[in-house]
Amino acid sequence: MSKRIGMEIALAAAEAVALCRPEVIAAYPITPNTHIPEHLSDIVADGRLDAEFICVESEHTALSACCGASGAGARAFTATSSQGLAYMTEIIPIASAMRLPIVMIIGNRALSGPINIWNDQSDVMYQRDAGWISMFANNGQEVIDMAIQSFKIAEHRDVMLPVNLNLDGFQLTHVVEPMEMPDQAEVDSFLPSFKPLATLHPDKVVSMGTLGLPDIFNESMKAKDEVLKNSRKVILDVWKEWKQQFGRTYEPIESCRMKGAEIALVSMGSMGETAEVAVDELRKQGVPVGLLKLRLWRPFPFQDLKKAVKGVKVLVVLDRAVSFGGPGGPAFSEVRSALYNEPDKPFVMNEIIGLGGRDVRVEDFVEIIGKAQKALKTKPKEDYEIYGVRGS
Amino acid sequence: MEKKKKWPEGWQDVNPGLMVFRPGSAREYQTGSWRADRPVFDESKCIRCGVCYIFCPEGCISQDERGYFHADLDYCKGCGICAHECWPGAITMVEEG
Ligand code: SF4
Ligand code: SF4
């Protein structure tokens, strides 16, 4: 039976991961994800989880150790943030190219510099094109649920890809929330044991991480792209199973108050919860505004987005990262490009918000919705703006 | 001559993660096609010391029953190390025609 708990989300994430019985955990502490591996090391030391906890000297080694462990057939887990994730960069596309179903939780934090330990999503956006499945949680319950789902998705034979699960640093990692924690029997019945495609073992010799020269590189890139796109089917199936067993619904894009919405916000991660309060307020005042919470980032949910924005006139994409010198925030440029060839598309505008831990309040969303109302009549001159920046 | 099948035909045939499930298959990859220069061994100068055999990074030089050394051109990449190391000057690198 699931148990109602009140707990810091990072600790709950560690408890949920432990319920998945990972066999190898390798992590290096970095704020704000630290409590996740720290608590897992407690769980291992207390004998509650039979896993190898490898205290590595860097994140580069953490992910390398996970690759080796996963290749040897172990269920492997790591967690990191910001510079730690950046330090893994060399290994990140290798893990996906080798089809190693590692699960990584990212406590999202701004990339340096200036050095800053607080939240935004520039760390994961930096790894956007690496071939991992990438998802965002909005609250503590979703962190627990999606951590467990992640292993099942990653290890499915049609997927065999690493997954990164994103939760905003501090806003989620360090907050105490009421949540429901499934018990071991429930997780065991949901999540089968890991059956690797092949294992590194001298009895049956295989080569992993091979050389790919020009005569095969194209084909291997195409294969990687296809398998990531096709993982969508498995993700949806796993979410359907989750709903059947645990009753909570997961969709690539979660729609809130979208009925008759002329204006819609698109959010990723914890700010969706705050935006929802603003949307509810304004709906009461008769403003036709709705909210789309983008949960699945890779593979990008094109069909869900196109369906969700039907009838919307102005779509405001909220980004928690800058693409310097680019077309706007990363989520904005993907959303706009996804809709570009659609016959009835909304005008798409972009607010870059909450960088490096800058507070994002209900009033800010109210103001942004006000800007969208103006855009119904007069389009803004700039494609994007950094919301609330002083001096403009 | 029968056209050699180039594996894999399409992206669908690529093994997951480009894994190789059969040990020793690198032997089938004939790196000789990379070669621009070919080592030519002059037996009249060769003293059968085996230095070329030791230095060849491909391990493609072997000794024949008379004691002389030759390169297996299916694998020789034409790096020229053997010619550089052969102190009696018995190996010349010749451009492939
Ligand atoms: S190094 Fe030169 S001399 Fe010695 S065996 Fe080889 S070819 Fe002959
Ligand atoms: S050229 Fe290089 S690869 Fe070829 S036989 Fe000489 S040392 Fe070996």
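## A guided tour of the predicted model

The second largest pocket has a volume of about 550 Å³.

**Stop one: the pocket.** Select A97(A), S220(A), A223(A), K224(A) and G17(B), which are the closest to the centre of the second largest pocket among the 27 residues that line it. Next, colour helix 5 (92–97) and helix 9 (214–246) of chain A, each of which supplies at least two residues of this lining. Helix 9 of chain A provides the largest share, with eight residues. By class, the lining of the second largest pocket consists of 13 nonpolar, nine polar and five charged residues.

**Stop two: the nonpolar cores.** Turn to chain A and select I36(A), L40(A), F77(A), I105(A) and I133(A). These residues have the most contacts inside the largest nonpolar core, which comprises 55 residues. Helix 1 of chain A, residues 9–19, gives the most to this core, namely nine residues. Now centre the view on L40(A). Leaving aside neighbours within four places in sequence, L40(A) is in contact with A14(A), V17(A), A18(A), I25(A), L49(A), F53(A) and F77(A).

**Stop three: a glutamine in helix 7.** Select Q141(A), which is found in helix 7 of chain A, residues 140–155. Is Q141(A) buried or exposed? Q141(A) counts as buried because its relative accessibility is 13%, and the limit for buried residues is under 20%. Show the side chains of E177(A), M179(A), E180(A), R248(A) and Y250(A) as well: Q141(A) touches these residues, not counting those up to four places away in sequence.

**Stop four: ligand 1.** Move to chain B and display ligand 1 together with the residues around it: F41(B), C46(B), I47(B), R48(B), C49(B), G50(B), V51(B), C52(B), F69(B), C86(B), P88(B) and I91(B). How does this shell divide by class? The shell around ligand 1 holds 10 nonpolar residues, one polar residue and one charged residue.

**Stop five: ligand 2.** Finally, select ligand 2, which is surrounded by 13 residues. The closest of them are C56(B), C76(B), C79(B), G80(B) and C82(B). The shell around ligand 2 is made up of nine nonpolar, two polar and two charged residues.

How values were computed: Residues are numbered from 1 along each chain as its sequence is written. Chains are lettered from A and ligands numbered from 1 in the order in which they are written. This is a predicted model: local features need pLDDT of at least 70, side-chain atom pairs count only at pLDDT 80 or more; totals for chains, interfaces and linings use all residues. Side-chain values use heavy atoms; hydrogens and water are left out. A nonpolar core is a set of buried Ala, Val, Leu, Ile, Met, Phe, Trp, Tyr and Cys residues joined through side-chain atoms within 4.5 Å. Buried means under 20% relative accessible area, exposed over 50%, partly exposed in between (1.4 Å probe, protein chains only). Helices (H or I, at least four residues) and strands (E, at least two) are DSSP runs, numbered from the N terminus. Contact means heavy atoms within 4.5 Å. On a 1 Å grid over the protein atoms alone, a cavity is a set of points where a 1.4 Å probe fits but cannot get out, and a pocket is an open set with protein on both sides within 12 Å along at least five of seven lines; lining residues have an atom within 4 Å of a point. Grid points are joined across faces, edges and corners, and a volume is the space filled by probe spheres set on the points. Ala, Val, Leu, Ile, Met, Phe, Trp, Tyr, Cys and Pro count as nonpolar, Asp, Glu, Lys and Arg as charged, and the others, Gly among them, as polar. A residue is near a molecule or strand if one of its heavy atoms lies within 4 Å of it.
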